[in-house]
Amino acid sequence: MLILTCPYCGIAADETELAPGYEAHLKRHGPGSTDDEFEAYMFARKNPKGVHFERWRHAYGCGKWFLAARCTATLEVFGTYPAQVGAPPPEIIARIKARRPGWEPSA
Amino acid sequence: MSTRLASGGRLIDRSVLVEFTFNGRRLTGHPGDTLASALLANDQMLVGRSFKYHRPRGIVASGPEEPNALVNLGTGARLEPNQRATTTELFDGLTATSQNHWPSLEYDIGALNNVVARFLPAGFYYKTFIHPRPFWKHVFEPVIRQSAGLGRAPKDRDADRYEQTYAFCDVLVIGGGIAGLEAAHAAARTGARVIVLEQQPHWGGRAPVDGLEVGGQPAAAWVEARLTALAAMDGVTLIPRCTGFGVYDHGYVLADERVADHTPGDGRVKHRLWRIRAARIVTATGAIERPLSFPFNDVPGVMLASAVRDHLVNQAVSPGDRTVVVTNNDDAYRTAIALVEAGLSVPAIVDARTAPTGALIDRARALGLRIEVGRAIAKVAGSKRVMGVALCHQAGEGSVIDEIDCDAVAMSGGWSPVVHLWSHCGGKLLWDDALAAFRPDAARPPVTHDGGPMVIAAGAANGAGEADLLSDAHAAGRSAAEAAGHKARKSAVSAVSNPLDAGIGAIGVMPQGAAPKLRAKMWLDYQNDVKVSDVQLAAREGYESVEHTKRYTTLGMATDQGKLSNINGLGVLSQALAEPVPQVGTTTFRPPYTPVTLGALAGEARDAIFQPLRRTPIHGWHEAQGAYFEPVGAWRRPYCFPRGGENHDEAVHREILNVRRNVGLLDASTLGKILVQGPDAGRFLDMLYTGVMSTLPVGKCRYGLMCNEAGFLMDDGVVARIDEQTFLCHTTTGGADRIHAWMEDWLQCEWWDWKVYTANLTEQFAQIAVVGPRARMLLEALGGMDVSREALPFMHWADGTLGGFGVRVYRISFSGELSYEIAVPAGQGLAFWTACLEAGQALGVMPYGTEALHVLRAEKGFIMIGDETDGTVIPQDLGLGWAISKKKPDYLGKRGQERSFLAAPDRWRLVGLEALDGSVIPDGAYAVAEGTNPNGQRNVQGRVTSTYFSPTLGRGVAMGLVRHGPERLGEVLEFPKVGGGSVMARIVDPVAYDKDGVQQDV
């Protein structure tokens, strides 16, 4: 039963208010993409023990999708941020590095 | 014999008698008794039978760790099995019966297992019942099922109510002993909101029983003062009878408050489940005493020293006149001293240590007690109760050197901190040699969302000695409040002025060199009959992991979850493996700490409020008509409207024929209605639907398909263009919320710069389908807008009025008949429905339900999401290529559909199926092909997706997916039936009725 703060309405929302959306920052590959690209987009999901970026929707609140950076092992939350970005914002990266020295964002 | 003493008992009220029954015997006790203390006061030493050998079992403990005294409590609708007598408050009229015996507690045939115990070793299930194979099913399993299980599940519906409540706090303190109260006070003084949970009905924990002096006064007085102070503070909530049983992510705690277990039927809820969010959690859960592993340590009358002391001090109950105390630590001397001070006799204190020293030992000596050091118990005499003990050297093999008559044995193997809640969410443990126990490792706590420690252990639960108990608890309370954002204030900490000296002997068996025969009588787990010899056997057979040993021997798998047995079992295993305990490790602690009744977990979610139902504005009318409902998602939709003595089939047939001949009304309000609006709305819908929506003229409707990114069909419906920037998208009943969320996902996360808004209007409008050759006549009878073919052609919509109602009329058809779907504001739905019925009376109007809807569409070969689709079907499979744009560069699912196996020519595709004998082909039946697959099963070449009896055609109609189907019209397929026989069916066009569509376009 996680608590994540919705970056839109500022509410520290209980997991029962949220709907999960799995891995964040996927790049969509549509018509014209290779089989490998499409496979990576459709099926290849990261499942790390440690720092992970996820999509969540404040489904029973403001209805907005947002992204969360958290540790899947300790459940520490490094931050949440709006979904309208292609990559984690620098302040989130900085916070993760402060908490997990040596961690580097994967390509 | 066990009895009630003439005086004493700090918790009982002797002025009031309470009557109760045990196995039908009428007994009495006092308020303040537990069922266990009241049974002991009535000399009921024998309370149950063990699980495997059916050995006699007596009360061992005085708290939730009790493994033996499990009873059936109450009767009928208030029967609860496996209730622990030690935590059951006595009340007038309580009825309890013992468990796991036949025919009676005193004479139990299952005790024969005890005689053949050496043939029932650890893991005997795995070893014994393998061969011959048929014996398992026909001999072993029935016998084991007959003898398995402790209590009996209640047969009646639970008569009680349960509720759940939410609470939020800065600091949650679990445990209301002196450490918990000190931690709570320290936290509350910072201004933090504090909740304190105590599992017992009274506060203070063990300290008053142990005779501690706190802050220069008796513990009980200190506890009273602290409680008064806490109760007066803002933001402090004290909840007794409430067990915090599980710690979960981010400070989420579940706790079970036993509101009315002791006052059944008084109208209050029985239990209240607290769902608490705490910024920080302090576990002041104390410690649990361990038994000692000596031969025949399971005879009724052998109890934990702390339990003897608890019952003596709290309820003035003595387990016997002569109690031998057996120990490896100082704490049990308190029991000996308390017994002597109560005027009872302690023939000996048997101390496994060779040279114990300390204040308590000096005091025992001063009282003239016989202390046998370096000694062990070689045997306990007696079967259903203790008759005496034989002594031996602890260092030896068990040769008897002395015998002592006694009627009770008080044992203490040391104390284990209750680390369960610390461990639930990942807190790690340290092995502490001085304590001979695991305690929380403060350097590796469970963490919460901010990365800080979520749980702070305090007092005995943290492994703190009595001298440091309150300073440890105070520090825990303060740091918890600080972590929750409050500023700590300096304050003095009370001290325990007469603490226990540390000092505990090693854990292990008693005597240490006991021969195998003795080790086979040393019980570790009383309930599951796991003995020292079983764990040693497991080690010999290669079970090196404690987790495997646990499952092989069932050690710690009983209802007490190893609260008494785990550490002793680990000690035995570590010696057998010649590895230190920390290397052997410990098993995982999982919630719940104590069993929680299912009623509390369900709370109020039962019967009508188990799940909120969705009702259309016309639902009440359907109910009044006696409609037969079926669940569609959270909706309840009329399946049919039986009349007179009709059965459901007859009602459905009548409704279908009436739609085909006259006119029918369908409550279609559940259909999803999603408004999509904005400059980019057309572009957005072109991506969502496989067809082109941006070119749809205002005033017209178009059927559309939605696929997921993998290419599979997931929803369909009619889109109406309201104006240049506005579309109304109809979805399936079950798809409305899902599709709305799907739209939002793409708009928010992928195309966030597109100017589009969506709104789910499903419940804002009632929608009524008026269907049949006389549908137009019905609307004309209502009067209002022009609904002629010229003014409102097929696949058009128009706003207007009908019968005085403002309406929006869509000329769309899911039945193949002339059909108008009419939307009115939800509040007018019922009135409009009634108006339609009145206007159509002369035309033979009848309501129809979902089953008629299904048959009508199947006769016309229309697909149904969920029947013709199952998540592996693409629109091309269903002959819906016409609804897929070839020109669009992209839509959701287009790339997925280009994958080789979806583009392959031999996919199963939609056809009609017509049984040669006109019968209804069984739903889901497979068409078999030549040959068999590698599993020896017949190859298949298709399956039935929809199949109904068509009253219109007087025969069965069906659709199915068949390999190369549309190219094989006229071929006959074989569909084997469950239970033998086959149906032969011809592949035909999916449209069985009105192929040219003349009926709907009139």
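Mentor: Helices (H or I, at least four residues) and strands (E, at least two) are DSSP runs, numbered from the N terminus. Residues are numbered from 1 along each chain as its sequence is written, while chains are lettered from A and ligands numbered from 1 in the order in which they are written. This is a predicted model, in which local features need pLDDT of at least 70 and side-chain atom pairs count only at pLDDT 80 or more, whereas totals for chains, interfaces and linings use all residues.

The model scores ipTM 0.97 and pTM 0.91. Chain A has two helices and six strands, and from its N terminus these elements follow the order β-β-β-α-β-β-β-α. The C-alpha trace of chain A spans about 40 × 35 × 25 Å along its principal axes. Contact with chain B involves 21 residues of chain A and 20 residues of chain B, where contact means C-beta atoms, placed from the backbone, within 7 Å. On the chain A side, ten of these residues are nonpolar, six polar and five charged (Ala, Val, Leu, Ile, Met, Phe, Trp, Tyr, Cys and Pro being nonpolar, Asp, Glu, Lys and Arg charged, and the others, Gly among them, polar).

Helix α5(B), residues 178–188, packs against helix α7(B), residues 219–232, at about 30°, with the axes 10 Å apart (lines fitted to C-alpha atoms over the stretch in contact, with angles from 0 to 180 degrees between N-to-C directions). The two are therefore roughly parallel (under 35 degrees; over 145 is roughly antiparallel, 65 to 115 roughly perpendicular and the rest oblique). Their crossing is left-handed, the near helix being turned anticlockwise from the far one by less than a right angle, with clockwise giving right-handed. From α5(B), I178(B), L181(B), A184(B), H185(B) and A188(B) meet residues of α7(B) that include W222(B), V223(B), R226(B) and L230(B). That contact comprises ten nonpolar residues, one polar and one charged.

In another pair, the axes of α20(B), residues 648–661, and α25(B), residues 850–859, come within 9 Å and cross at roughly 55°, which makes α20(B) oblique to α25(B). This crossing is right-handed. Here V652(B), E655(B), I656(B) and V659(B) of α20(B) meet E851(B), A852(B), V855(B) and L856(B) of α25(B), a set with six nonpolar, no polar and two charged residues.

Methods: Contact = placed C-beta atoms within 7 Å.
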